[in-house]
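Please read these notes with the sequence and model open beside them. They are set out as numbered points for checking one by one.

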Amino acid sequence: VQLQASGGGLVRAGGSLRLSCAASGSILRINDMRWYRQAPGKQRELVATITSGGSTNYADSMNGRFTISRDNAKNTVYLQMNSLKPEDTAVYYCNADITPTFLYTPRNYWGQGTQVTVSS
């Protein structure tokens, strides 16, 4: 099982980016999917969570600027980021609780991270 994140890049303050993260491999079920981020010199922080049923939860600091969504048919989670600020600069990681076909309980998997840089 792998998580492959994409969509990062360089954007000016006030701009938008959409991150994607696709899960692949021998997957039986995907439960919660999440986005984290880690800025230079800071701890990794949870940005947003989406359940398999589509319920969402966000860190307070996102202030309604970010939207997490998923396409269960594609095993993909998205993060739409609007009104980006320089302080949003970080490596963004996807994370998911996935039950592989060869197991009966979920494991936690991480993607490789994608860099988001917001210039002022």
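1. Basis. This is a predicted model, in which local features need pLDDT of at least 70 and side-chain atom pairs count only at pLDDT 80 or more, while totals for chains, interfaces and linings use all residues. Residues are numbered from 1 along each chain as its sequence is written, and side-chain values use heavy atoms, with hydrogens and water left out.

2. The open sheet. Four strands, in the order β1-β3-β8-β7, form an open sheet with antiparallel pairing. Strands here are DSSP runs of E of at least two residues, numbered from the N terminus, and two of them pair if DSSP finds at least two bridges between them. The edge strands β1 and β7 each pair on one side only. From one strand to the next the twist averages 15°; axes are lines fitted to C-alpha atoms, and angles run from 0 to 180 degrees between N-to-C directions.

3. The β1 and β3 pair. These two strands run antiparallel and are joined by five bridges. Within the pairing, A5 stands opposite C21 of β3. C21 is also one of the two cysteines in the next point.

4. The disulfide. A search of the whole structure finds one disulfide, a term that covers a pair of cysteine sulfur atoms within 2.5 Å. The bond joins C21 to C94, with an S to S distance of 2.0 Å. The link of C21 and C94 is right-handed, with 55° about the S-S bond. It ties distant parts of the chain, since C21 is in strand β3 and C94 in strand β9, 73 residues apart. C21 has 0% relative accessibility and counts as buried; C94 is buried too, at a relative accessible area of 1%. Buried means under 20% relative accessible area, exposed means over 50%, and partly exposed lies in between (1.4 Å probe, protein chains only).

5. The nonpolar core. The largest such core has 30 residues, and W35, L79, M81 and Y92 have the most contacts inside it. A nonpolar core is a set of buried Ala, Val, Leu, Ile, Met, Phe, Trp, Tyr and Cys residues joined through side-chain atoms within 4.5 Å. Elements that give two or more residues to this core include β1 (2–6), β3 (17–24), β4 (27–38) and β5 (45–50), as well as β7, β8, β9 and β11 (114–119). β9 gives the most, with five residues.

6. D97. Which side chain does the side chain of D97 meet in a polar contact? The partner is the side chain of R34, at 2.5 Å. A polar contact is a pair of N or O atoms within 3.5 Å; within protein, one must be able to donate a hydrogen and the other to accept it, and residues adjacent in sequence count only if both atoms are side-chain atoms. D97 lies in strand β9 (residues 90–100) and is buried, with a relative accessible area of 17%. Neighbours within four places in sequence aside, D97 is in contact (heavy atoms within 4.5 Å) with R29, I30, N31, D32, R34, P106, R107 and N108.

7. Positive phi. Most residues other than glycine have a negative phi. N75, in the loop between β7 (66–71) and β8 (76–81), has a positive phi near 55° and is partly exposed at 25% relative accessibility. S83 also has a positive phi, about 50°; it lies in the loop between β8 and β9 and is partly exposed, with a relative accessible area of 41%.
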